[in-house]
Structures are given as C-alpha cells and as structure tokens.
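Dear colleague,

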Amino acid sequence: MPGKSKKSELEKLGDKLLFKKESCWEGIEDAENKEIFELSAEYKKFLDCSKTEREAINTIEKAAEEHGFVNIENATKEDRKLFMSYDGVCGALVYVNDPESFEEGFLMNGAHIDVPRIDLKGYPLYESEDMAYMKTHYYGGIKKYQWVTRPLAMHGVIICQDGRKVEINIGEHEDDPVFTINDLLPHLSQDQNKKSATTVIEGEQLNILVGSIPFKFKSEKNSIKLSILNELYEKYGIVEEDFVSAEIHLVPAGKARDIGFDRSFVGGHGQDDRICSYLGMRAIFDVEKAETSKNMMMVFFDKEEIGSMGNSGANSNLIERMVNDIINLYGKGDYNRLIKALENSKFLSSDVNAGIDPEWKSVMEPMNSAKMGYGVCLTKFTGSRGKSGSNEAHAEFVAEVRNAFNKDGVKWQTTELGKVDQGGGGTIAYHLARYGMDVVDCGTALLSMHSPFEVASKADIYHTYKAYMAYYKYL
Ligand code: MN
Ligand code: MN
C-alpha cells in the first residue's frame, strides 16, 4: 500500500520483545480525557478540606457515609461496608464480602494521611522588637528555605484543661488573616548567601509572625503577647498553657490548583500521601464494580513522615487492632484467626515516588525512574545503599500485581527512588510485611515532593486509581 511502510523484521522483533513505556496521553479518547479531568477535580476538593490528618479522617468519614459505609462502633453483623478510626488521626475503610473467610486474608491497600508541615511548639508565643511571634518545630523532611515568605494557614486542635476540644482553622477563607515566616532581604544577605541550603534558614528561625498591637494601645512589657492571648481567650476560651496539649499545624494557605496552559497537572501541598489516600478511598467506594468475592480494606496511616512511630503509625500494632475489631464484629475473634488473616493478606503500600524533573535529571536513572504522565509507579523495593531498610517484594507478588494492571489497561511504570547511592527513602511497606503478608509499593509520581506545592500529573492520578481498582479486581 502506498504511504504505509511495512514493518522491518527488527521492528517486529521489538514489538514482540521490548518493554515499552508510553505516555498516558498518547492516543486517548475524549471520554477518557474527560474522566481524567473529572477525577482530578474531585481530588483537589479532597485536598482542600483535608489539610491535617484529623481533617482527612473527617473528610473520609463523611464521604464513606455518603457511600453507605457504617462506623464500626454502630455497625451490626449485617453491615458489609465499614468505616473505622483510631484517635481521630488514622483509620480504615473495609468492604466485607464474606465474614466466614477472614482467615484467607484481606486485599489491603494502605497510604498515609500525615504530610510534611510546620507545627507549633508547646510554649510558642513571644514578642520581640514590638512584634509577636510563635515558635515552631517542623514535621517530616522539609527544605526549610521553601517555607519562608509565603502565606500559611493554621489548622489543628487544642485540648483544654477541662477536656474541651477547640478546633482551629485560620487562613483558608479569603477574609481570614494568614501567618508567615520572614526572610532576610537580598540587600543584606551577604553572610546568609554563603550558607548551605540546610542552614540558610535554621530550624529555630521558623517563627511565624502573629501580631504587633499592644493591649489597649499601651506599650508595656508583654503587652502585645497579652493582647493576643486575650483575643485567643475571648474567641476560643484558651489560656497559654493550653498550647501544651495541642496539635497545631502551619500549612500553605489556599486551595490546590491546576497547573499549565493545558491544566495537565495538580499543584498543592500534602499530595504525599493524600494522593494515594484519596485514590485508595475512591477505589474502595467503587469496588462493587470489581465483582470480587474477597474481603478488602483501605488503611489510612498517620506518622509516616516521622518514621511511622506512635500508636497511629504503621510501626505499631494498628493493623492487628483493625483486623481484630473486624473479626470481632462478626463473631468471636481468637489469636489464631487474627494471625492467619494477617498472614494471608496482600498489601499494596501506596505512596508517592519521585518523577524525573528535567532540571534535576542527574540524580535519576532514566530507565528506572518515574516519568511524569507515564502511569502509576510499581516499586519493587525502596531503601538506600543497597536496598537497605526496604521490604523487597517477592517476584511472584510483583507478577500478580502487574498481571492485574495489564488485564485492566492500567498504564504503569517500574520505578526506583532515584539513582543508586544518590540517597533514597522508605515507606510503610516493611511494617506490614512482618505479619507475613506480601507487600509491594505502588503510587503516583510527584515533582517537588515534600515542598509546600507538590506537583502531580492528572494522567498519573487517573491510572493510580485504575491500578487500585485492578488490584481489588484481580488479586
Ligand atoms: Mn509518603
Ligand atoms: Mn513523604
């Protein structure tokens, strides 16, 4: 046929043997394009109302109720869709197909809802040079210089001496005030400019500006601080000591946004790992479409960014308590049933990976690092210096997972976190693997990970959701 060249033998061999990476945008239909953008629009709403782990759990609980999930505390043996939360900061969604077969294990997906941010100290408020500030301690791995000179919102809770819980949310409404951390002007930065990036802003310099008007307009010692405390007392009924029993976080103020002329990216804070949390939630809401007979869970962990420690982190017996509570709802639990249920479970450790940024290519190995817009990341191992600290998934389990993805036309890519010996990182994976279950890492690639404005591709978001559905469907 004129104009259509026949494939050479080598090209045919390539079609048969080569592992092809292809952009998710390549050749898609209008209908799929629409689905991609609709999913991201919903995802952005989730980010906007889930700026702390407590807010995320509340958002998940509300959405779960709308999808017919029942809080396990009010559930009966007849219920099949459960919501559970622990300490208001972590939790799970459960889809029970068969209460008789818990020992056969659950298909579990898990992500973390805590994110890198800045927290108030327990005794934060002071005044200096006739201005009032609050002291902070950052949470998780941040580049401190990224957090100065930007509007910050304050979210969190204060538990007063009498047990009253005060919720704080300041800086998201356009009429709200915001807070900020100042930086030195360039005109006087000769000395600062010589410092390394880790010290150009020191941890103890991350103090937020909170006011400057003295009580009754009369300057005396502590009159600005007292004026602010008075305002907080009148508004919230709190006193200075109450900050000791509080969780107050500073996060970038404002909503998640589309990025680019073509709006192909989502930009926003906290996408590591609320992106996998949201998509995992969506997948278990839609799991009826998967027509599977398995019991399924979507788990939302806290404390991942500080090493998964604490009773709401993956390095606790949280997953045991969750599965035990599920078993006990439908009958009498015993240790043997619990251990068997955990051992026979499968776990998708859903967390973000680093996408290749053309400005920082040198830290990436292009064949095995994530390309933006090339689909969900399947990560056999994480860790650093020879996979140290990683749960390396068994080949058999990776085969099952990729097989499921391929069956459903999920665009996926095999990924590592950057070049060998460049650095590295871990996830919750190995904390779950200790129960004997198979675990593999899987999630969405980000640019500017851990920054106040992380970037994800809408096509990758869509294929991450599709991947979680395929996992429930075919494993
Ligand atoms: Mn993460
Ligand atoms: Mn992280």
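At a relative accessibility of 0%, Cys-276 counts as buried (buried means under 20% relative accessible area, exposed over 50%, and partly exposed in between, with a 1.4 Å probe and protein chains only). The model is a predicted one, in which local features need pLDDT of at least 70 and side-chain atom pairs count only at pLDDT 80 or more, while totals for chains, interfaces and linings use all residues; side-chain values use heavy atoms, without hydrogens or water. Residues are numbered from 1 along each chain as its sequence is written, and chains are lettered from A and ligands numbered from 1 in the order in which they are written.

Cysteines

There are zero disulfides in the structure, a disulfide being a pair of cysteine sulfur atoms within 2.5 Å. For Cys-24, the closest cysteine sulfur belongs to Cys-377 and lies 10 Å away, which is too far for a bond. Cys-276 is likewise in no disulfide, with the sulfur of Cys-442 as its nearest cysteine sulfur at 7.5 Å. Cys-24 also counts as buried, at 1% relative accessibility.

Strands and their partners

An open sheet is formed by six strands in the order S8-S7-S10-S5-S6-S9, with antiparallel pairing (two strands pair if DSSP finds at least two bridges between them; helices, H or I with at least four residues, and strands, E with at least two, are DSSP runs numbered from the N terminus). The edges are taken by strand S8 (165-170) and strand S9 (208-211), each of which has a single partner strand, so one side of each is left without a neighbour in the sheet. Within this sheet, strand S7 (residues 152-159) is joined to strand S10 (residues 246-252) by seven bridges in the antiparallel sense, and Ile-158 has Ala-246 in S10 as its bridge partner.

Elsewhere, strand S16 (residues 376-379) sends Val-376 and Leu-378 one way and Cys-377 and Thr-379 the other way, and all of these are buried. Which strands pair with S16, and in what sense? Strand S18 (residues 412-414) runs parallel to S16 and is joined to S16 by three bridges, with Trp-412 of S18 standing opposite Val-376. Strand S20 (residues 438-443) pairs with S16 in the antiparallel sense, again over three bridges, and there Asp-441 is the bridge partner of Thr-379.

Salt bridges

The count of salt bridges comes to 25, where a salt bridge is a side-chain nitrogen of Lys or Arg within 4 Å of a carboxyl oxygen of Asp or Glu. One of them joins Lys-380 to Glu-392, with the closest N and O atoms 2.8 Å apart. Lys-380 belongs to the loop between S16 and strand S17 (383-384) and Glu-392 to the loop between S17 and helix H9 (395-407), so this pair ties together parts that are 12 residues apart in sequence. Lys-380 is partly exposed at 30% relative accessibility, and Glu-392 is partly exposed with a relative accessible area of 30%.

A second pair is Asp-408 with Lys-473, where the closest N and O atoms are 3.1 Å apart. Because Asp-408 lies in the loop between H9 and S18 while Lys-473 lies in helix H11 (residues 458-474), this pair ties together parts that are 65 residues apart in sequence. Asp-408 is buried, at 18%, whereas Lys-473 is partly exposed, at 30%.

Asp-258 and Arg-263 meet through their side chains in a salt bridge of 2.8 Å, N to O; Asp-258 is partly exposed at 22%, as is Arg-263 at 48%. These two residues also belong to a network of salt bridges that links Lys-44, Asp-258, Arg-263 and Lys-458.

Backbone points to check

Most residues other than glycine have a negative phi, and most peptide bonds are trans. Here, however, Asp-272 and Asp-273 are joined by a cis peptide bond with omega of about 15°, and Asp-273 is placed in helix H6 (residues 271-285).

Asp-130, in the loop between strand S5 (117-128) and strand S6 (131-139), has a positive phi near 60° and is exposed, with a relative accessible area of 53%. Phe-217, which is not a glycine either, has a positive phi of about 60°; Phe-217 is found in the loop between S9 and helix H5 (223-236) and is exposed at 71%.

With kind regards
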